[in-house]
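Hello,

Here is the structure I promised to pass on. Have a look at it first, and then read on for my notes.

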Amino acid sequence: MTGNPSASLRPRKRLLTGLQPSGQLHIGNYFGALKPFLDTYKEYESFLMVVDYHALTTLRDPQALRANLIDAVRSYLAVGIDPKEATLFQQSKVSQHTELAWVFECLVTVPFLMQAHAYKDKVAKGLEPNAGLFNYPMLMAADILLYDTDIVPVGQDQRQHIEYAREAAAKFNNAFGQTFTEPAEKISDEIAVIPGTDGKKMSKSYGNTIPLFGSRDEIAKAVMSIVTDSDSAVPQNVYAIHRLIRSEAELAPLYKEHEGKYKALKEALIEDLDAYLLPMRERYNAITEADVKAVLEDGSARAREIAETKMKDVRAKLGVAL
Ligand code: ADP
Ligand code: TRP
């Protein structure tokens, strides 16, 4: 990839998203976020970034950060993201992100940043209100705006952060001339919430997950713990997970045959889940740390080239390029 053609010259729209390196993925992450991404990312010029410097706002454990970073990339490769089709990169390897964040921080006010729901929620939960956490939306704005991003796929909770990015773009453009594209969020409201083993939303913070790359035994243990205190012949929590990997028509005879027999239905689910997840698990286990590093080196170099082209323009407009 060379240079940074203007948006109108690009054959495909640009899509960018940031992934928190936050530990073991579960099937809720897969069916709720990764699979929808896999189904569409090739329609765009896609950028996938592991946001290690964002993680630093809440994590101060070098070993954990390093392990999570490697695990995140290994996971995305294992589910089938092709690093030749998307630029998969590491945020901290492209120092233009933190550089541009500073510029934006000088353009927005403290009262404006104080309105951020994500910041308020995190502080309410007891996280330290460090200045990085407070300025988080401006680093995220830089992540997005450096690449003239058109579309940002994110969860509902990130909507306001995309508004902040648009505001940062508008502030800069007004002060220094047209430079940044205002991005649009892509929020997949229609994607159902995947239930966990207790029937509530599957989430790593609730301890109710089925691990995406877990062994057959781990899958079996999680499935056997699915809560089945429904009165109906069909155990709803088992069926909801089964439906993710099998059609209604396929499941109808199975659930009829084993009506009310929760153990047999769970065993069938273990069988099906294991067969479905096995190829991803095998890829995951085969990907080495060296593979991860090579992908990140390559992707980060590509990202850096685009980011530096943008920053040259920014520095010239700011008056710091002598
Ligand atoms: P967790 O709740 O386990 O901490 P995250 O908040 O890190 O998960 O979510 C990462 C991505 O996976 C987000 O895009 C989120 O919408 C999606 N996701 C997580 N859990 C589920 C679920 N139970 N159903 C659907 N999507 C989910
Ligand atoms: N804030 C996002 C989250 O918590 C992660 C993120 C950082 C991001 N930079 C981004 C998402 C840029 C999209 C685009 O999920």
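Does D148 count as buried or exposed? At 7% relative accessibility, D148 counts as buried (under 20% relative accessible area is buried, over 50% exposed and in between partly exposed, with a 1.4 Å probe and protein chains only). D148 sits in the loop between α7 and β4 (151-154), and although D148 is not a glycine, its phi is positive, at about 50°.

Some background before the rest. This is a predicted model, in which local features need pLDDT of at least 70 and side-chain atom pairs count only at pLDDT 80 or more, while totals for chains, interfaces and linings use all residues. Residues are numbered from 1 along each chain as its sequence is written, chains are lettered from A and ligands numbered from 1 in the order in which they are written, and side-chain values use heavy atoms, with hydrogens and water left out. Helices (H or I, at least four residues) and strands (E, at least two) are DSSP runs, numbered from the N terminus.

Now to strand β2 (residues 45-50). Six of its six residues are buried, so β2 is largely enclosed by the rest of the structure. In a regular strand, side chains alternate between the two faces of the sheet. Here both faces are covered, with E45, F47 and M49 buried on one side and S46, L48 and V50 on the other. β2 runs parallel to strand β1 (residues 14-19), joined by six bridges (strands pair if DSSP finds at least two bridges between them). β2 also pairs with strand β3 (residues 86-90) in the parallel sense, over five bridges. M49 stands opposite G18 in β1 and has F89 as its bridge partner in β3.

The helices come next. The axes of α7 (residues 131-145) and α8 (residues 159-176) come within 8 Å and cross at roughly 70° (axes are lines fitted to C-alpha atoms, for helices over the stretch in contact, and angles run from 0 to 180 degrees between N-to-C directions). That makes α7 roughly perpendicular to α8 (65 to 115 degrees; under 35 is roughly parallel, over 145 roughly antiparallel and the rest oblique). Among the residues that meet are Y136 and M140 in α7, and Y164 and A168 in α8 (contact means heavy atoms within 4.5 Å).

Lastly, K35 lies in helix α1 and, at 28% relative accessibility, counts as partly exposed. Leaving aside neighbours within four places in sequence, K35 is in contact with Y30 and Y276.

Best wishes
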